[in-house]
Amino acid sequence: MSIELKNVDYIYDSGEPFEYFALRGISLHIDDGAFVGIVGRTGSGKSTLVEHLNGLLFSTRGDVVVDDEIVRNDRTVLARVRRRVGIVFQYPEDQFFAETIFEEVAFGCRNYGFSKEQVDESVHKAMSTVGLDPKRFLSLSPFQLSGGEQRRVAIASVIAMGQKYIVLDEPTAGLDSGTKLAVLAELESLRQAANVTVILVSHNMDEVAEFCKQVVVLDEGTVAFQGSTDAFFRDADLVDRTGLELPESYRLARALKECGSPLTVNECSTDRMLNSLRLCVSDLGGA
Amino acid sequence: MALSRSFVLGQHYPGNSVVHRSGALVKLVSTIALMVGVFVATKTAQYTPIVLLLVVGIGVSRIPLRFFARGLKPILFLIVLTVMVQIFFTPGTAIWRFWFVRVTREGLGLAGFILCRLVLLTLVSVLLTASTSPIELTDAVSDLLKPLSRIGVPSAEIALVMSIAMRFVPTILEETERIIRAQVSRGARIGEGSLVVRMKSFIPILIPLFVSSFRRADDLAIAMEARGFRVGSPRTRYHARHFQSFDAFIFLGTAAAVSGVILWRLFL
């Protein structure tokens with residue numbers, strides 16, 4: 001069971017003066033239970049790719065396969081695919097419409113025919129997952145919250161449906177750095193607890209290095225790299241060619257290496273790098 | 001995508017033909033004159049000068065014909081309905097009858113005439129909006145209204161309101177699509193089920209749209225004030241436009257076609 005794209009092309013406004021190749025021959029594979037990053041500069045096709053995953057867009061050529069089912073414009077197929085793949089769009093708080101947070105989070109569950117008890121349970125669980133106390137928040141209006149809280153409610157409104165794949169398009173855009181990390185940590189815990197596959201579209205390479213084991217790199221509508229995040233960031237030339245920048249930790253590690261510092265660390269995510277730096281320093285101190 | 005696609009009437013088809021490059025005010029005045037011409041004609045044959053001009057205009061504009069066909073689609077129902085009514089309910093000499101239905105020679109003639117009238121009106125306006133960007137068009141409208149400001153019509157403000165409205169039509173369509181995508185991803189079924197269910201399914205789209213539109217209006221007002229905008233103060237234009245030689249052709253062509261129709265009606 002997985003999400004698979006086979007040679008997918010997508011052309012916007014095919015045959016018009018604005019005709020535009022958004023995706024070209026995209027083939028990729030997303031494993032169950034993975035935390036996958038989708039990165040690429042602005043206009044590289046990330047958002048277009050995401051909209052293929054639950055049948056909001058249909059490929060011009062090639063197949064999108066979700067759990068052995070080819071996504072196509074058919075009501076029952078779409079209902080099944082959307083039941084499996086949830087998408088949190090950019091600035092998801094713009095979709096709020098309900099009077100209370102409970103109603104907002106329950107919207108998706110009701111659409112999928114959850115019973116009253118199931119709705120109740122899912123809403124409470126989703127709110128706890130995103131770190132908001134259900135007792136305090138559920139009866140408030142979603143419009144009176146702070147930006148960070150709104151974002152969390154919006155994420156809760158998608159994960160409450162209990163989908164197997166959760167796609168998030170820039171979920172941390174416009175949040176302060178503490179909230180950013182907290183939101184991503186909540187997603188990671190959701191992944192571990194419920195074996196949900198998390199697909200994160202992001203411009204923030206530090207986030208990607210920290211949370212995503214796997215990464216898909218898009219460049220002008222094609223897949224420029226697919227594999228382990230660490231392997232991608234070690235290839236500084238490729239990172240540069242795809243218009244991205246190295247995460248802080250990788251930059252620091254390279255700088256240390258280049259100036260011939262006795263502190264040598266493997267390039268990896270911030271946490272692990274701090275640990276290995278600590279080890280390194282204590283080794284030097286010991287010598 | 002789907003929404004902005006079905007919105008052809010009043011859509012711009014960018015290009016670089018002479019029709020595109022000529023002045024919006026000239027095109028707007030010509031369009032109005034041609035529409036008057038269409039209503040002046042009393043017989044189908046009298047449309048000939050306008051049809052000729054339109055054929056030349058469409059040809060020169062290099063806008064594909066299917067773009068015009070798409071512009072006709074929204075009024076297809078209206079066309080069919082009026083043509084049917086004319087065919088079946090015009091009294092006169094019957095040329096075909098079945099039970100209580102009868103088709104008259106006069107009915108057919110009138111139906112053809114009305115058909116031409118509706119199609120011509122649409123094609124003329126599609127040619128205008130396809131070859132002129134909305135911003136140019138509102139500038140032209142404000143120029144047209146300018147003489148009225150002497151008698152107290154706030155023409156500058158009307159033009160501003162129009163150009164802001166025009167400017168935000170695509171933005172709001174895009175916003176609508178964005179919200180629809182988000183709600184559909186949350187399992188919303190839009191436009192399905194009974195009438196009540198269908199109406200209710202629009203609430204999750206309309207409320208976010210209202211909220212964001214008001215916020216946008218607020219932001220815009222602040223941004224305009226921050227850049228020194230004051231109501232009623234004189235303003236200049238970034239793209240000042242001057243009369244060009246092709247404008248004269250459009251003027252003369254229109255004048256010829258419309259006076260052709262009038263003369264035909266009066267003397268033939």
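Two residues are in contact if their C-beta atoms, placed from the backbone, lie within 7 Å. The model is predicted: local features need pLDDT of at least 70 and side-chain atom pairs pLDDT 80 or more, while totals for chains, interfaces and linings use all residues. Residues are numbered from 1 along each chain as its sequence is written, and chains are lettered from A and ligands numbered from 1 in the order in which they are written.

**View 1. The side of chain A that touches chain B.** Here 20 residues of chain A are in contact with 15 residues of chain B. Strand S6 (85–88), helix H3 (101–111) and helix H6 (147–159) of chain A each give two or more residues. Helices (H or I, at least four residues) and strands (E, at least two) are DSSP runs, numbered from the N terminus. H3(A) gives the most, with three residues.

**View 2. Helix H11 of chain A, residues 248–258.** The buried residues are A:Ser249, A:Tyr250 and A:Ala253. A residue is buried if 20 or more other C-beta atoms lie within 10 Å of its own, exposed if 12 or fewer, and partly exposed in between, with C-beta atoms placed from the backbone. On the other side of H11(A), A:Ala255 and A:Glu258 are exposed.

View 3. Chain A has twelve helices and ten strands. Its C-alpha atoms fill a box of roughly 65 × 55 × 35 Å, taken along the principal axes. Buried residues make up 43% of its 287 residues.
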